[in-house]
Amino acid sequence: MPRISGSPDQHRAVTREKILVAVRDVMASDGVDKLTMAEVAGRAGLHRSVVYNYFPDVRALLIAHARYETERFMDELTGALGSAATATEQIVAYVHQQLADFAAYPQPAGPELATLLGPDGYREMHAHVQPLGMLLTDIIRRGVEAGEFAPSDPAATANLVHACLGAERFPLGQGNRDLEETTERVTTFVLRSLGAETGERRSNA
């Protein structure tokens, strides 16, 4: 039997990540309705019993996957926001990263997940994505304080921006929208809704 390198904790972390990446692959290629412990095990190159050692059922897999994807996206988003000097530039980067992520990593629609997870599981899964809402709220708040955005309730406005972005999740994930065109259209709409100065307005000033 081949010797496993690294500590037991490192091995568990690597195995857990393989499982969660396999969850993403199954949902992207076959849809959430095809997500089973056996299918995930096969995609991860593991025995089904190994998957059960980490996650008791599909519900637990989906909740863990939501946390894993949120942490991955937050890391990527933090890098993208690092070069943005103003709140307006951060909104542009935020919209671009979200839409690009929808296209690269298709996710099931909310109603599908709600059916699989039940009310409690759906709330638990959404708790993992709350940091995104807090981050966007903070960007909008700073934009309002700096005079870049029109006065508004930052948290309520962040919810509206996320609703706008969410409308593009399924079409982009299915390849039914052009990413570049969608990004330009949604960015313009979001900036105008915030009362920000768009590129078009700056060029006409």
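Thr15 is in contact (heavy atoms within 4.5 Å) with Leu46, Val50 and Tyr54, once its neighbours within four places in sequence are left aside. Thr15 lies in helix α1, which covers residues 8-30, where helices (H or I, at least four residues) and strands (E, at least two) are DSSP runs, numbered from the N terminus. Thr15 counts as buried because its relative accessibility is 7%; buried means under 20% relative accessible area, exposed over 50%, and partly exposed in between, with a 1.4 Å probe and protein chains only.

This is a predicted model, in which local features need pLDDT of at least 70 and side-chain atom pairs count only at pLDDT 80 or more, while totals for chains, interfaces and linings use all residues. Residues are numbered from 1 along each chain as its sequence is written, and side-chain values use heavy atoms, with hydrogens and water left out.

**The chain as a whole**

- The secondary structure of the chain comes to 11 helices and 0 strands, and the pattern read along the sequence is α-α-α-α-α-α-α-α-α-α-α.
- Of the 205 residues of the chain, 38% count as buried.
- The accessible surface of the chain, from the Shrake-Rupley method with a 1.4 Å probe, comes to about 11400 Å², of which 53% belongs to carbon and sulfur atoms.
- Among contacts between residues at least 6 apart in sequence, 64% join residues at least 24 apart.

**Helix α5 and its surroundings**

- Helix α5 (residues 87-104) has 18 residues and reaches 25 Å from its first C-alpha to its last, close to the 26 Å expected at 1.5 Å a residue, the expected span being 1.5 Å times one less than the number of residues.
- The buried residues of α5 are Ala87, Thr88, Gln90, Ile91, Ala93, Tyr94, Val95, Gln97, Gln98, Leu99, Asp101 and Phe102.
- These buried residues pack against α4 (58-81), α7 (130-145), α8 (154-166), α9 (169-173) and α10.

**Helix pairs**

- Two packed helices are described by the angle between their axes and the distance between the axes; here axes are lines fitted to C-alpha atoms, for helices over the stretch in contact, and angles run from 0 to 180 degrees between N-to-C directions.
- The axes of α5 and α10 (residues 179-194) come within 10 Å and cross at roughly 140°, and α5 passes α10 in a right-handed crossing; a crossing is left-handed if the near helix is turned anticlockwise from the far one by less than a right angle, and right-handed if clockwise.
- On the α5 side, the residues making this contact include Thr88, Ile91, Val92 and Leu99, and on the α10 side they include Thr182, Val186, Val190 and Leu194.
- The residues of the contact of α5 with α10 divide into 11 nonpolar, 5 polar and no charged, where Ala, Val, Leu, Ile, Met, Phe, Trp, Tyr, Cys and Pro count as nonpolar, Asp, Glu, Lys and Arg as charged, and the others, Gly among them, as polar.
- The axes of α4 and α5 come within 10 Å and cross at roughly 145°, in a crossing that is right-handed.
- That contact is made by Arg72, Phe73, Glu76, Leu77, Ala80 and Leu81 of α4 and by Gln90, Ala93, Tyr94, Gln97, Gln98 and Asp101 of α5, with 6 nonpolar, 3 polar and 3 charged residues.
- α7 and α8 pack at an angle of about 120° with their axes 8 Å apart, and their crossing is right-handed.
- Between α7 and α8, Leu132, Gly133, Leu136, Thr137, Ile140 and Arg141 meet Pro154, Ala155, Thr157, Ala158, Val161 and His162, giving 7 nonpolar, 4 polar and 1 charged residues.

**Single residues**

- Thr182 has its place in helix α10 and counts as buried because its relative accessibility is 0%.
- Not counting residues up to four places away in sequence, Thr182 touches Leu99, Glu168, Leu172 and Arg177.
- Glu39 is found in helix α2 (residues 37-44) and is partly exposed, with a relative accessible area of 30%.
- Leaving aside neighbours within four places in sequence, Glu39 is in contact with Val26, Asp30 and Lys34, and its C-alpha atom is separated by 8.7 Å from that of Val23, 16 residues apart along the chain.
- Ser49 lies in helix α3 (residues 48-54) and, at 37% relative accessibility, counts as partly exposed.
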